[in-house]
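Student: Could we go through this structure together? I would like to start with helix packing and then turn to strands.

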Amino acid sequence: MAKKRDGERSTNRRKNISKSPAKTNQSSESSNSSSNSDQTLKPLNLFLIFIVISAISIIVYRTLYGSTAVSVVRSVYDRDLVKTEVKYHEIIAEHSRVSSNLSRFFQNPVLAYVTPWNSKGYELAKEFSYKLNHISPVWYDLKSQGANLVLEGRHNADKGWISELRKKGDAQIVPRVVLEAVPMDLLKKKKQRDKAINLIIAECSEMEYDGIVLESWSRWAAYGVLHDPDTRKMALKFILELGQAMHSVGLEMESKKSLQLVYVIGPPRSEMLKEYDFGPEDLRTLSDVVDGYSLMTYDFSSPQNPGPNAPLKWIHSVMQLLLRSTDSSSQTLAQKIFIGINFYGNDFALSGGLGGGPIIGREYLSLMERYRPSLQWEINSAEHYFVYTGDQNDQHVVFYPSLLSIAKRLEEAQSWGAGISIWEIGQGLDYFFDVL
């Protein structure tokens, strides 16, 4: 029995000994597993903590600085873009960035044309209405129809757009009316003149316009009407009658006010005035009934005579010619003139035969991207230009407005106390509005 118990004890000890390593291994494995798990979790935990802290930091920053953290676009002056040494890549990069500053640099009146065939102008008129005093959509033609007269263009009128403009600012809506009617019938027959005047006033009243911009002088010159002294007097008489009639009519908007008449005039080409030129005496004759003159100081050059669009010295000489006297009346007349500024340019062919013509902003940018030209400042005309060689090895010269060329013309207008008229805002680059 003693041996048996001793054997059992021996057996039990062996069992215990055999079990002990298993427990030790299990403990060791458990320890190793825990250690490996800790090593795996530590980098993950650190990464999660980093993400959480970053997210909290962003939320706090936006909460504290959200209103000022939005990128504020500085003016073209602060960005040092109004200069002679302009690089093509600056224009490509900056042309669409317009300052968030709502103030006006040019304090004199601004008349802006918009055209139905360039919808961008409509959007820009709304966006920058605070920088515009008069907006002239190019909508109407007054035409002869047999023995009658008709005013065409109502289908172009956009009442919704006008309503939006009214809400945004105080710019006057003065659509352009081109007088296409047969001149001799219109000018010599009182019934025809009265009919034309009534059609214009009725349209203004019904559509709640502030007036019109009338273009007729260049048409009359083309018909030869202005070469004859008698019919020339009749032409001036019609404008006088129209202006008097429009001033006698009031529009009931915010207050009672008369309809405005802005008259389009071309620049005399020389000091020796021709009978078809609109000169200083005409300016004075109509001064009491015309509220403003839209002076077309552009298109100086042509495909037959390539060059700048509107040399600054030429603009100055035109103003001198129209305002010959130095008395106080001359200053008053200057304030009625809107000096024309083109927002389009010209791409003229210099070789391979004369050719080329007007280009607008998107076409100008396309040339920039394709040819990467070196822009030059032409000091005599105060305009930028560049030369490039086309696909057919033909050489071209491009004159297109720049920030500096526009700024120089604003200074010229300011020196006379005159306003400016822009043909037309949809053809330019967005950041042109920064200098206005």
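This is a predicted model: local features need pLDDT of at least 70, side-chain atom pairs count only at pLDDT 80 or more; totals for chains, interfaces and linings use all residues.

Student: At what angle do the axes of α6 and α8 cross?

Tutor: The axes of α6 (residues 190-207) and α8 (residues 229-247) cross at roughly 40° and come within 10 Å. The two helices are therefore oblique to each other.

Student: Is the crossing left-handed or right-handed?

Tutor: The crossing of α6 past α8 is right-handed.

Student: Which residues in α6 and α8 meet?

Tutor: From α6, the residues are R193, A196, I197, I200 and I201; they meet K237, F238, E241, L242, A245 and M246 of α8. In this contact, eight residues are nonpolar, three are charged and none is polar.

Student: Now the strands. In which sense do β14 and β15 pair, and over how many bridges?

Tutor: Strand β14 (residues 376-378) pairs with strand β15 (residues 383-389) in the antiparallel sense, over three bridges. W377 stands opposite H384 in β15.

Student: What about the turn between β14 and β15? How many residues lie between them?

Tutor: Four residues lie between these strands, which form a hairpin. In the turn, A382 has a positive phi of about 60°.

Student: And how many bridges does β15 have with β16?

Tutor: There are five bridges between β15 and β16 (residues 395-399), and the pairing is antiparallel. Here T389 is placed opposite Q395 in β16.

Student: Which residue in the turn between β15 and β16 has a positive phi?

Tutor: That residue is N393, with a phi of about 65°. β15 and β16 form a hairpin with five residues between them.

Methods. Residues are numbered from 1 along each chain as its sequence is written. Side-chain values use heavy atoms; hydrogens and water are left out. Axes are lines fitted to C-alpha atoms, for helices over the stretch in contact, and angles run from 0 to 180 degrees between N-to-C directions. Angles under 35 degrees count as roughly parallel, over 145 as roughly antiparallel, 65 to 115 as roughly perpendicular and the rest as oblique. A crossing is left-handed if the near helix is turned anticlockwise from the far one by less than a right angle, and right-handed if clockwise. Contact means heavy atoms within 4.5 Å. Ala, Val, Leu, Ile, Met, Phe, Trp, Tyr, Cys and Pro count as nonpolar, Asp, Glu, Lys and Arg as charged, and the others, Gly among them, as polar. Two strands pair if DSSP finds at least two bridges between them.
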